[in-house]
Amino acid sequence: MTDEEKMAVELDEKIENEMLTELEEKDKLLKEKEERYLRMYAEFENYKKRTEKEKQNTALHAKADVVEMLLPVIDSMENAISIETEDKNLKQGIGLMFEQIKIFLEKNEVEEIGKEGEEFNPELHDAISIQETEDANSGEIISVFRKGYKIKDRIIRHAMVIVAK
């Protein structure tokens with residue numbers, strides 16, 4: 001092999017090594033960019049999930065606030081329905097309005113809490129009295145003084161109940 005051929009082979013090897021080094025650097029840079037992209041994508045997905053959850057919580061709190069403002073009206077309507085009157089049209093009209101309110105509550109996932117016969121739960125009920133009775137088990141609700149309401153896991157108002165001793 002001549003000197004020129006040796007120089008050409010050495011030059012080819014040198015160029016090949018430089019190209020391999022450059023390729024390895026580009027490959028490393030590409031991997032870094034890909035990892036960065038994946039991290040950013042994961043962060044963005046977490047952000048979307050977090051904001052969606054915050055949006056749902058805000059909507060839930062808004063619903064609960066509206067229902068809380070309606071509770072005195074609901075209580076008054078229930079009291080009006082229970083009053084005896086000779087005016088059947090008035091009683092029927094109040095009953096129809098109350099049914100519309102109940103439909104509104106159902107559509108907004110509002111549940112009543114505090115029913116006679118349920119087990120007393122201090123997270124849902126406020127005991128205003130404890131009475132001895134043979135007609136119910138100890139810790140059972142025997143009377144509801146004021147209904148409570150909740151949306152999903154959020155208590156809007158605790159039920160006021162009388163509990164068996």
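Biologist: With which residue does Glu 112 form a salt bridge?

Modeller: This is a predicted model, in which local features need pLDDT of at least 70 and side-chain atom pairs count only at pLDDT 80 or more, while totals for chains, interfaces and linings use all residues. Residues are numbered from 1 along each chain as its sequence is written, and side-chain values use heavy atoms, with hydrogens and water left out. A salt bridge requires a side-chain nitrogen of Lys or Arg within 4 Å of a carboxyl oxygen of Asp or Glu. The closest N and O atoms are 3.2 Å apart, and the partner of Glu 112 is Lys 147.

Biologist: How many residues apart in sequence are the parts that the pair of Glu 112 and Lys 147 ties together?

Modeller: Helices (H or I, at least four residues) and strands (E, at least two) are DSSP runs, numbered from the N terminus. Glu 112 lies in strand E1, whereas Lys 147 lies in the loop between strand E3 (141-146) and strand E4 (148-151), so the pair ties together parts whose separation in sequence is 35 residues.

Biologist: What is the N to O distance in the salt bridge of Asp 75 and Arg 157?

Modeller: Asp 75 counts as buried, with 18% relative accessibility, and Arg 157 is buried too, at 11%. The side chains of Asp 75 and Arg 157 meet in a salt bridge with an N to O distance of 2.7 Å.

Biologist: Why does the pair of Asp 75 and Arg 157 tie together separate parts of the sequence, and how many residues apart are they?

Modeller: The side chains of Asp 75 and Arg 157 form a salt bridge. Asp 75 lies in helix H1 and Arg 157 in strand E5 (residues 154-157), so the parts tied together are apart in sequence by 82 residues.

Biologist: Which residue does Asp 75 touch besides Arg 157, not counting residues up to four places away in sequence?

Modeller: Contact means heavy atoms within 4.5 Å. Under this criterion, Asp 75 touches Arg 157 and also Arg 146.

Biologist: How many residues apart are Lys 63 and Glu 109?

Modeller: Lys 63 forms a salt bridge with Glu 109, the closest N and O atoms being 3.8 Å apart. The pair links distant parts of the chain: Lys 63 is in helix H1 (residues 3-82) and Glu 109 is in the loop between helix H2 (88-107) and strand E1 (110-113), a separation of 46 residues.

Biologist: Is Asn 108 buried or exposed?

Modeller: Asn 108 is found in the loop between H2 and E1. Neighbours within four places in sequence left aside, Asn 108 is in contact with Lys 63 and Ile 151. At 16% relative accessibility, Asn 108 is classed as buried.

Biologist: What value is phi of Glu 109 near?

Modeller: Most residues other than glycine have a negative phi. Glu 109 is partly exposed, with 39% relative accessibility. Its phi is positive in a residue other than glycine, near 60°.

Biologist: What value is phi of Lys 152 near?

Modeller: Lys 152 is placed in the loop between E4 and E5 and is partly exposed, with a relative accessible area of 48%. Phi of Lys 152 is also a positive value in a residue other than glycine, near 50°.

Biologist: What is the area of the nonpolar surface patch made by Leu 11, Ile 15 and Met 19?

Modeller: Patches are made of residues with over 30% relative accessible area and no salt bridge, with like charges joined within 9 Å and nonpolar side chains (Val, Leu, Ile, Met, Phe, Trp, Tyr) within 5 Å. Met 19, in helix H1, is exposed with a relative accessible area of 54%. Leu 11, Ile 15 and Met 19 make a nonpolar surface patch of about 300 Å².

Biologist: How far apart in space are Glu 10 and Glu 116, C-alpha to C-alpha?

Modeller: Glu 10 lies in helix H1 and counts as exposed at 52% relative accessibility. In sequence, Glu 10 and Glu 116 are 106 residues apart, and their C-alpha to C-alpha distance in space is 96 Å.

Note on methods:
Buried means under 20% relative accessible area, exposed over 50%, partly exposed in between (1.4 Å probe, protein chains only). Accessible areas come from the Shrake-Rupley method with a 1.4 Å probe; for residues, only the protein chains shown count as cover.
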